[in-house]
Amino acid sequence: MRYALFSDIHGNLEALQAVLADIHTQQVDRLICLGDLVGYGASPNECVATVRGSGAEVIAGNHDQAATGQFDLGYFNENATSAILWTRQALSPEAREYLEALPLVITHPGMRVVHASPQNPGEWEYILSAHEAARQFRAFPELICFIGHSHFPRLYRLHNGRVRELNLPDDQPVELPADCRHLVNVGSVGQPRDSNPLAGWTLYESDEQRLTLRRVAYPVAEAQARILGTTLPSFLAGRLARGI
Ligand code: ZN
């Protein structure tokens, strides 16, 4: 089975369209969206409609829950809070209803998918080190778990009781040894933060046990212009060009 895993779109329609076009060149069997469809970017309704139309299975992220009032604003920094308040008033009733109903976890044979962490899927903690990843492996029984949330593509490998963080290089297949388990951050479509402005998504070939982080160019200036045409903080436009 060939899975396309994409996350953290954040209302960036231009990045989402480029990623879906790239996914469609890869003969995937299933699409899975790991949440944060909205928040930060200027096209929340368009992104919700496009994800719905893609046929992807979808889970909720913290921004989706905050934009629908299901999660408290106290968690967020100033720019994120401004973006959530803007997104709340911009969301159509249909988009809000859709986001409100999203589940927190998807499982398939041998794999689990959550937005932030398998241990506490609704508590939105960040996994940014091998140490933080280590206890997460006890929280899922499957071979592999996919996450988003931090916007940093990462691969954590459990082998003989030890967890190592490995490089997840752009556009190069990574083999997953059969005697290991893995926790994988699939990167971000709409707001990459690894100093690379290219949109990211992850191809998982389950029969071959192989992963590829794909990076995709998109018209950043168009996404920026949309943000600058609203009352969203201009910082949210600037960061897209730098991938931060
Ligand atoms: Zn996010």
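Among contacts in the protein chain between residues at least 6 apart in sequence, 71% join residues at least 24 apart, where contact means heavy atoms within 4.5 Å. The model is predicted: local features need pLDDT of at least 70, side-chain atom pairs count only at pLDDT 80 or more, and totals for chains, interfaces and linings use all residues. Residues are numbered from 1 along each chain as its sequence is written, and side-chain values use heavy atoms, with hydrogens and water left out.

The protein chain holds eight helices and twelve strands. Helices (H or I, at least four residues) and strands (E, at least two) are DSSP runs, numbered from the N terminus. For 244 residues, a compact globule would have a radius of gyration near 18 Å, and the 17 Å of the protein chain agrees with this; the radius is taken over C-alpha atoms, and the globule rule is 2.2 Å times the number of residues to the power 0.38. The C-alpha trace spans about 50 × 35 × 30 Å along its principal axes. Of the 244 residues, 59% count as buried, buried being under 20% relative accessible area, exposed over 50%, and partly exposed in between (1.4 Å probe, protein chains only). The protein chain exposes about 9,800 Å², of which carbon and sulfur atoms supply 49%. Accessible areas come from the Shrake-Rupley method with a 1.4 Å probe, and for residues only the protein chains shown count as cover.

An open sheet is formed by six strands in the order E3-E2-E1-E11-E12-E9, with mixed pairing. Strand E3 (57-58) and strand E9 (174-175) stand at its edges with a single partner strand each, so one side of each is left without a neighbour in the sheet. Two strands pair if DSSP finds at least two bridges between them.

The zinc ion is coordinated by Asp8 (OD), His10 (NE2), Asp36 (OD) and His151 (NE2), at 2.0 to 2.4 Å. Donors are N, O and S atoms within 2.8 Å of the metal (3.2 Å for Na, K and Ca); water is not among the atoms, so sites may look incomplete. Along the chain the donors follow the spacing D-x1-H-x25-D-x114-H. His10, in the loop between strand E1 (2-6) and helix H1 (13-23), and His151, in the loop between strand E6 (144-147) and strand E7 (154-159), are 141 residues apart, and the pair links distant parts of the chain. Both His10 and His151 are buried. Asp8 is found in the loop between E1 and H1 and is buried, with a relative accessible area of 0%. Although Asp8 is not a glycine, its phi is positive, at about 50°.

Why is the arrangement of the four donor atoms around the zinc ion irregular? The donor atoms subtend angles of 87 to 177°, which makes it so. Four donors count as tetrahedral if all angles lie between 85 and 135 degrees; four count as square planar and six as octahedral if opposite donors are over 155 degrees apart and all others between 65 and 115; anything else is irregular.

Five bridges join E7 to E8 (residues 162-166), and the two run antiparallel. Leu158 has Val163 in E8 as its bridge partner.

Several other residues are buried. Ser43, in the loop between strand E2 (30-33) and helix H2 (44-54), has a relative accessible area of 1%. Leaving aside neighbours within four places in sequence, Ser43 is in contact with Gly11, Leu13 and Arg226. Met111 lies in strand E5 (residues 111-114) and is likewise buried, with a relative accessible area of 1%. With neighbours within four places in sequence left aside, the contacts of Met111 include Tyr3, Leu5, Ile32 and Phe146. Met111 and Phe146 are 35 residues apart in sequence and 7.7 Å apart in space, C-alpha to C-alpha. Trp124, in the loop between E5 and helix H6 (130-136), counts as buried at 1% relative accessibility, and its phi is near 60°, a positive value in a residue other than glycine.
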